Amino acid sequence: GLLGVNMQPVDAGMAQAMRLPDSRGALVSNVQAGSGAEKAGIQPGDVIRSFNGSVVNDPGELAPMVGALRPGERVRLGVFRDGRERNVDVVLGEAESETPAPRFGSRADGESSAPAQVSRGILGLRIAELNADDRRQLGLKPGEGVGVIGVESMAAREAGLMPGDVILQVGRNAVGSAAALQSALAGLKTGETVMLRVAGPRGTRFVSLKTGG
């Protein structure tokens, strides 16, 4: 699209996790490389709450507002980030469409390099380290992401997590290993809501889930 972002609605759990006053807005789940949004400094995790002064209640409202404009036009977004709202000016442009990510763990030679399986009780996920091959296939940078190989908790299943997903961030903290994931989760207590940024076959998105014991 012209804006160069993928968006999703904000649910009550996300609003709580991000300290938003309410669940209005469009949550930016991905920013396309080279897009006007990227150049303007829009980041995944930002919530777009207004567009040229008009209130944005959900992503569905934003599409027609953007669609009415042409490439090269400048728009002003009201963006909520880190507990406060700011205005960001974005020049609209055409961005290349994203390619869907393949399942990680599959090898061209048919062999799978059995990754170390680490159980993470608090999220109810079984986690695998990604190797260089996985990252290349997924279009990830070196040291980026941790693979999900098993989904064991109800909360994680309801959040839509599935084997083959890759966890990129916990909140705004990037995670690239099981150890990094563990330390990002270390401060959480059972029952807290955590935001994960996840890449998978259905594109890059944020999910919120309650931590379990």
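Analyst: A residue is called buried under 20% relative accessible area, exposed over 50%, and partly exposed in between, using a 1.4 Å probe and protein chains only. The model is predicted, so local features require pLDDT of at least 70 and side-chain atom pairs pLDDT 80 or more, whereas totals for chains, interfaces and linings use all residues. Residues are numbered from 1 along each chain as its sequence is written, and side-chain values use heavy atoms, with hydrogens and water left out. Of the 213 residues in the chain, 46% are buried.

User: Is Phe80 buried or exposed, and in which strand does Phe80 lie?

Analyst: Helices (H or I, at least four residues) and strands (E, at least two) are DSSP runs numbered from the N terminus; Phe80 belongs to strand 5. With a relative accessible area of 6%, Phe80 is buried. Contact means heavy atoms within 4.5 Å. Leaving aside neighbours within four places in sequence, the contacts of Phe80 include Met18, Arg19, Leu20, Asp46 and Glu85. Phe80 and Asp46 are 34 residues apart in sequence, yet their C-alpha atoms are 5.8 Å apart.

User: How is the pairing of strand 5 with strand 6 read?

Analyst: Two strands pair if DSSP finds at least two bridges between them. Strand 5 (residues 74–81) and strand 6 (residues 84–91) run antiparallel and are joined by eight bridges. Within this pair, Leu77 stands opposite Val88. The two strands form a hairpin with two residues between them, and Asp82 in the turn has a positive phi of about 50°.

User: Which other residues have a positive phi although they are not glycines?

Analyst: Arg19 has a positive phi of about 60° and is found in the loop between helix 1 (12–17) and strand 2. At 59% relative accessibility, Arg19 is exposed. Asn52, with a positive phi of about 50°, is in the loop between strand 3 and strand 4 (54–55). Asn52 is partly exposed, at 42% relative accessible area.

User: Which residues of helix 3 are buried, and why do they line one face of the helix?

Analyst: An α-helix has 3.6 residues a turn, so residues three or four places apart point the same way. In helix 3 (residues 59–67), the buried residues are Pro59, Leu62 and Val66. Seen down the helix axis, these fall within an arc of 50° and therefore line one face; the arc is that of the directions from the helix axis to the C-beta atoms. Gly60, Pro64 and Gly67 are exposed on the other side of helix 3. The cover over the buried residues includes strand 1 (5–9), strand 2 (26–31) and strand 3 (47–51).

User: What does the side chain of Gln8 show about a polar contact?

Analyst: A polar contact is a pair of N or O atoms within 3.5 Å; within protein, one must be able to donate a hydrogen and the other to accept it, and residues adjacent in sequence count only if both atoms are side-chain atoms. A polar atom of the Gln8 side chain lies 2.8 Å from the backbone oxygen of Phe206. Gln8 is found in strand 1 and is buried, with a relative accessible area of 13%. At the start of helix 3, a side-chain oxygen of Asp58 reaches to within 2.9 Å of the backbone nitrogen of Gly60.
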